[in-house]
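Here are my notes on the model, point by point. Please keep the structure open while you read.

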Amino acid sequence: MLHRYRRMLVFFTAFASLTLASWATSSLVHAQDAAAPAAAAAAPDPTKPAAGPEATGNYTGAVTTGALTKDKDKVTQETIIQDTALLKISLNMVWLMVGGFLVMFMQTGFALLETGLCRAKNAAHTMAMNFGIYGIGVLGFWACGYAFQMGGVGALAQYNGPDILHNMVEFTLFGHPFKVLGYKGFFLSGDAIDMSVLGMFLFQMVFMDTAATIPTGAMAERWRFSAFVMYGLFMSMILYPVFACWVWGGGWLSQLGVNFGLGNGHMAFAGSSVVHMTGGITALAGAIVLGPRIGKYNKDGSANAIPGHNIPFVVVGTLILAFGWFGFNAGSTLAGTDGRLASVATCTMLASAAGCCSALLYMWAVFGKPDPTMGCNGLLAGLVAITAPCAFVSPTGAVIIGACAGVLVVWSVLFVERVLKVDDPVGAVSVHGTCGAWGCLCIGLFADGKYGAGWNGVADKTPLGLFYGGGFQQLAAEAIGVTTNLVWVFSAAFIFFKIVDVVWGNRVTAKDEIAGLDITEMGTPGYVNDDPVIVQNAAQDHLTTFGPGVPLKRRASINASEKKNVPVS
């Protein structure tokens, strides 16, 4: 046992070293910025790009009440213009925060869904992973994940933000700049204490946490909690931020259009590849390394069903996720002033309904019963698939995308279980991995050219899919992004899980797995049906000594055996 604790000490020493390195890098970057010639300080003006960090986003003299701002006790044309600009900035920031809050609430949906699809003896353990990943993910992303992802994205114009996140690792390849990793904003310190930077941190953090939660379902019922903690740090600090930088942080995948003429570059409006594929492919790698649950497969390779213990949890969790998804997709406009959010929300709803119905109908037609758990996965599959193209397709396109995803997820679940022989208790690989890839490709097929002009810096060009006369350029960009995600995420995750397996161990013992992980891993049962033995014995002693009557206080000096059933004041 001692050698295990030594190994764990080595891991956390490495984590502390990475954290200190991030802090040192942050300090160096801040020192370099401080050494640069400083511009003359000026009062913030919401009608002009911010010149430096601003914690509040207001301008001198602005009031936060309903009253108009005045200049020398008078409302002027200039103060009205400034108030109007500030109102737009504030509306955008409020929408960003509301979207982030909704996505954070999706953790509740994941917890209920995954716990319901697992056995009762593992309920507390599954809930603990869904709960624990939030805290672990926040701190890891705060330390360095956010800086790696968004450290070179530039000014956040929706909130009139200054150019703070401006440091990017890049090199030249084929005569074009390849941007691969940001390095500004470590620990949200220094000039990162700015309204736009902090607001974007919260929003991006809950997206990362969604991706980090996905593997907890695929690896449930046999994953050591200590190994899960290590994974949470790796996902939030390295694995997710790197790919997210390539797509959302101004990285090389987003520049495929500018550099190589491939449409508007790889696009994933709200993250079918960035969030869902990353989570789903990580889940696949982890489940392969971990191996199937005891009893899942017979000696001839055939699979046994291991039913979840609480279908109401599954349904309620799914509906919570569907509600939070409006923050996920519509929130990704990043601006309450962007009227496209109405189309985004509507397409999100339509795709989820189509996915639910197509999955239920397929199960009913092929297997004879409309399995509600597969209906829930179909609804989620529709949501995952529409997450990337939701801003770029028509309502009819959204229905088609969702309906295809509902059938695709059924096929994928059966393929993963029966062909790949990978045990995924909740279908996370299929819902998020398979349908995430499908969703990205749908931009290259169904984008109607009505939204997104100039996306990813491609001037005078709007995303246009193959079915709308756009050719194969956008489809190629999406395919490259999907392939890159598969290669990077699977390789990095598989190597990480293998290292943990050798150094520490990913899987619980067979004895603990059979007994259930609630007591053996967490020390508390998920459900308590009976009192502890000592309490049961005390109750029996009470009945024997005092009888079944209403218990009353008794003086310690009274001999209970002589005063049986005699009330004492």
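1. Helix α12 passes helix α13 in a right-handed crossing. This is a predicted model. α12 covers residues 428-446 and α13 covers residues 473-503. Their axes come within 7 Å and cross at roughly 165°. Angles over 145 degrees count as roughly antiparallel, so α12 is roughly antiparallel to α13.

2. Which residues of α12 and α13 make the contact? From α12 come Ala 437, Cys 440, Leu 441, Ile 443, Gly 444 and Leu 445. From α13 come Gln 474, Leu 475, Glu 478, Ala 479 and Val 482. By class, the contact of α12 with α13 has eight nonpolar residues, two polar and one charged.

3. Helix α5 spans residues 225-248, and helix α7 spans residues 272-290. The two axes come within 10 Å and cross at roughly 140°. That angle makes α5 oblique to α7. The crossing of α5 and α7 is right-handed.

4. The contact of α5 with α7 can be read off residue by residue. On the α5 side are Tyr 231, Met 235, Leu 239, Tyr 240, Phe 243, Ala 244, Val 247 and Trp 248. They meet Ser 273, Val 274, Val 275, Thr 278, Gly 279 and Thr 282 in α7. Sorted by class, this contact of α5 with α7 has ten nonpolar and four polar residues. Charged residues are absent from it.

5. Next, the strands. β1 (residues 168-173) pairs with β2 (residues 176-182). The sense is antiparallel, and the pairing runs over six bridges. Leu 173 has His 176 in β2 as its bridge partner.

6. Look at the turn of this hairpin as well. How many residues lie between the strands β1 and β2? There are two residues between them. In this hairpin, Phe 174 takes a positive phi, near 55°.

7. Last, the chain as a whole. Its secondary structure comes to 16 helices and two strands. The chain has 569 residues, and 52% of them count as buried. Take the contacts between residues at least 6 apart in sequence: 76% of these join residues at least 24 apart.

How values were computed. Residues numbered from 1 in each chain as written. Predicted model: local features only at pLDDT ≥ 70, side-chain atom pairs only at ≥ 80, totals over all residues. Heavy atoms only, no water. Axes fitted to C-alpha atoms, helices over the stretch in contact; angles between N-to-C directions. Helix = DSSP H or I, 4+ residues; strand = E, 2+ residues; numbered from the N terminus. Parallel < 35°, antiparallel > 145°, perpendicular 65-115°, else oblique. Left-handed = near helix turned anticlockwise from the far one by under 90°. Contact = heavy atoms within 4.5 Å. Nonpolar A, V, L, I, M, F, W, Y, C, P; charged D, E, K, R; others polar. Pairing = 2+ DSSP bridges. Buried < 20%, exposed > 50% of the residue type's maximum accessible area, 1.4 Å probe, protein only.
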